[in-house]
Amino acid sequence: MMRSKKKWGLTITLAMVMLVSTACNSGNGASGTNQAGSGGENGSAPATSKTITLGFSQVGAESGWRSANTKSIQDSAKEAGYDLKFSDAQQKQENQIKALRSFIQQKVTVIAFSPVVESGWDTVLKEAKDAGIPVILTDRAVDSADKSLYKTFIGSDFVEEGRKAGQWLSDKYKDTQEEINIVELQGTTGSAPANDRKEGFMEVIGSNAKLKVIASQTGDFTRAKGKEVMQAFLKAHKKIDVLYAHNDDMALGAIQAIEACRSETRRRYHDYLCRCGERWYAGSSRRQDQFYRGM
């Protein structure tokens, strides 16, 4: 797991080296090739005529995975000798747009960011393109018809992830004769992983009429929100067979809600039995003791 997280930072670093090297070679001709033979003071920095400045806008710190991803970016940038300008968007698109415009004003070498949501980026990305600053999308994609607004996307196939979850569920209940009630904890509304994981999941389970999504709500990819929404699901629905969560943290929060609900149910059942026992065995302390020992 940690090795995989570390690869994110290294992959972005490699992509930046390729972009900057291409720019240097095309802009400087032979001189770019001569510079490629020299390294930084410790031999780890890319061989360019000036320090590479990376402007990176992170979604936030909504999950353990995201926090590890941030650390991977920071560690890899430091190891490569880059000047990292880091911004935490706190899961707000307006914060990311402000950060990107700040990076453009600072004339960074390259911009990388994980978009909070898919849409609404064309204007600021065009500003970066007009300024000659390449943009790398990481982890999440944008919904733009103009693919020239960014150089590359480094991330997963979220639709396929949803399909795999749906296929596992379909295989498990392929012979069921009763309806299977599913509740869904979606990621941040409008984000690529939330949209795509839902799309892939629904695409597969749609072929089995017994699999029913009875409730779906965003948990914002956070453990606290996942717990809160799952508590609401449990109160609203008497029969829930399956929880489909778009990430680990929401699932862990939901598990906390389920365990708390079970504990409360056991307590109420125990209290009910005790009250019944008091009525049934009133006036016979010996038989009451037998009843409680047998619970």
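This is a predicted model: local features need pLDDT of at least 70, side-chain atom pairs count only at pLDDT 80 or more; totals for chains, interfaces and linings use all residues.
Student: Which residue forms a salt bridge with Glu62?
Tutor: Look for a pair whose closest N and O atoms are 3.8 Å apart. The partner of Glu62 is Arg140.

Student: How many residues apart in sequence are the parts that Glu62 and Arg140 tie together?
Tutor: Helices (H or I, at least four residues) and strands (E, at least two) are DSSP runs, numbered from the N terminus. Glu62 lies in the loop between strand 1 (53-58) and helix 3 (64-80), while Arg140 lies in the loop between strand 4 (135-139) and strand 5 (152-155). The pair therefore ties together parts that are apart in sequence by 78 residues.

Student: Are Glu62 and Arg140 buried or exposed?
Tutor: Buried means under 20% relative accessible area, exposed over 50%, and partly exposed in between (1.4 Å probe, protein chains only). On that scale, both Glu62 and Arg140 are buried.

Student: What separates Lys71 and Asp75 in helix 3?
Tutor: Their side chains meet in a salt bridge, 2.7 Å from N to O. Lys71 is partly exposed at 49% relative accessible area, and Asp75 is partly exposed at 30%. Because Lys71 and Asp75 are 4 residues apart in helix 3, what separates them is about one helical turn.

Student: Where is Glu127, which meets Arg101 in a salt bridge?
Tutor: The side chains of Arg101 and Glu127 meet at 2.9 Å, N to O. This pair links distant parts of the chain, 26 residues apart: Arg101 is in helix 4 (residues 93-105), and Glu127 is in helix 5 (residues 122-130).

Student: What is the relative accessible area of Asp249?
Tutor: Asp249 has its place in helix 9 (residues 248-280). Leaving aside neighbours within four places in sequence, Asp249 is in contact (heavy atoms within 4.5 Å) with Ser63, Gly64, Phe221, Thr222 and Arg223. Asp249 is buried, and its relative accessible area is 12%.

Definitions and conventions
Residues are numbered from 1 along each chain as its sequence is written. Side-chain values use heavy atoms; hydrogens and water are left out. A salt bridge is a side-chain nitrogen of Lys or Arg within 4 Å of a carboxyl oxygen of Asp or Glu.
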